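User: I am new to this structure and would like a short tour of it. Could you start with the terms I will need?
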Amino acid sequence: MTTLDIQRDVPLAPFTTLELGGPAKYFVRAEEEAMLADALRWADDEGVPAAILAGGSNLIVPDEGFHGLVIQMGIGDLEFHNGGAVHAGAGVPWETVVNEAVSRGWAGLECLTGIPGSTGATPIQNVGAYGQEVAEVVMAQPGVDICAIYGVDVPDTEGRAGMAALVLESGAIIDGDTLYQAFETALPAYARPAFIRVQDAPELTATFKLRKVELQKQGFDPKATSDQIFYRDDASSQYRLLDAETFALIERGEVRF
Ligand SMILES: Cc1cc2nc3c(=O)[nH]c(=O)nc-3n(C[C@H](O)[C@H](O)[C@H](O)COP(=O)(O)OP(=O)(O)OC[C@H]3O[C@@H](n4cnc5c(N)ncnc54)[C@H](O)[C@@H]3O)c2cc1C
């Protein structure tokens, strides 16, 4: 048996992204598997329902709260094994797993960057590989030759904002209205890129792909590149050329995604 620190009447709003809702009648943090098992047993013995709370990014708590035991997922071990296996506790932030894999040069998870929440929630929530979906939609647009999808840090934005770097076929141009409509039709709101970068003289990998890690580091500052950068303007339903003034508004959190 582990020692459970069961607390009473704990407000749940601070644990969620939307910061809404009432308290948990009982609340405990599970930092190892045995604690989770004990917590579930405790709820069973008390005859109260149990619910899992992780990163709180996809959870709305009702005003009356939860009349049972909320178990906050804190299992935080993360191991990378030779041969490509990853052992990640349910409470490890998903972005940490993706970043650690990428920093080791391991491929496969990079398209799942920028998704808030915990590792344990990814199978439960069937987290989508939006980078791959977005790439398919972008590549279906006339005039697009190559594209890369990645996330960039934007102040006051949870997770990362999606960015697409494109190389256009000779003579092709970006039509901000058409692109916006195509993305609106084909992609859920969270997956629509906030920024589009059109690369003039792209550096390619040996397999003719854009260098995503470099692009990600460069972000979306139009002053840092001679490439055109567009931003998603939901008010006018189009992608607009990003100028220094709008960049400053985004940096100050006055334009948000
Ligand atoms: C800005 C933003 C962008 C997003 N982008 C994407 C995206 O691109 N693709 C996508 O698929 N989703 C996306 N989401 C949704 C969200 O990231 C996922 O649903 C994520 O998996 C939620 O993780 P969490 O740890 O915050 O879960 P929570 O919000 O804490 O919990 C969500 C649900 O999962 C259950 N749960 C959580 N962990 C466990 C566990 N270990 N065992 C059993 N049940 C569990 C909870 O009980 C609850 O019912 C986005 C959300 C936001 C706010």
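Analyst: Two strands pair if DSSP finds at least two bridges between them. Please also keep in mind that this is a predicted model.

User: Which residue is the bridge partner of I196 in strand 10?
Analyst: The bridge partner of I196 in strand 10 is F230. Strand 9, residues 195-198, and strand 10, residues 228-233, run antiparallel and are joined by four bridges.

User: What is the order of the strands in that open sheet?
Analyst: The sheet has five strands in the order 7-8-9-10-11, and their pairing is mixed. From one strand to the next, the twist averages 25°.

User: Which strands stand at the edges?
Analyst: Strand 7 (144-152) and strand 11 (238-241) do. Each has a single partner strand, so one side of each is left without a neighbour in the sheet.

User: Which helix lies across strand 10 and strand 11?
Analyst: That is helix 5, residues 176-186, which runs at about 140° to strand 11.

User: Turning to R232, is it buried or exposed?
Analyst: R232, which has its place in strand 10, is buried, because 23 other C-beta atoms lie within 10 Å and the cut-off for a buried residue is 20 or more.

User: What does R232 touch?
Analyst: Leaving aside residues up to four places away in sequence, R232 touches Y180, R192, P193, A194, Y239 and F257. The C-alpha atoms of R232 and L179 are separated by 9.8 Å, and these two residues are 53 residues apart along the chain.

User: Let us step back to the whole chain. How many helices and strands does it have?
Analyst: The chain has seven helices and 11 strands. Its C-alpha trace spans about 70 × 45 × 30 Å along the principal axes. Of its 257 residues, 32% count as buried.

User: Which domains does the assignment give?
Analyst: The assignment gives domain 1 (7-73), domain 2 (78-124) and domain 3 (130-251). The C-alpha centres of domain 1 and domain 3 are 39 Å apart.

User: And the ligand: how many residues surround it?
Analyst: The ligand is surrounded by 28 residues, and the closest are A54, G55, G117, G120 and A121. Strand 3 (50-53) and helix 3 (121-124) each supply at least two residues of this shell.

User: How do the residues of the shell divide into nonpolar, polar and charged?
Analyst: The shell around the ligand holds 15 nonpolar residues, 12 polar residues and one charged residue.

Key
Residues numbered from 1 in each chain as written. Predicted model: local features only at pLDDT ≥ 70, side-chain atom pairs only at ≥ 80, totals over all residues. Domains from an automatic or database assignment. Near = placed C-beta within 6 Å. Nonpolar A, V, L, I, M, F, W, Y, C, P; charged D, E, K, R; others polar. Buried ≥ 20, exposed ≤ 12 C-beta atoms within 10 Å, placed from the backbone. Axes fitted to C-alpha atoms, helices over the stretch in contact; angles between N-to-C directions. Contact = placed C-beta atoms within 7 Å.
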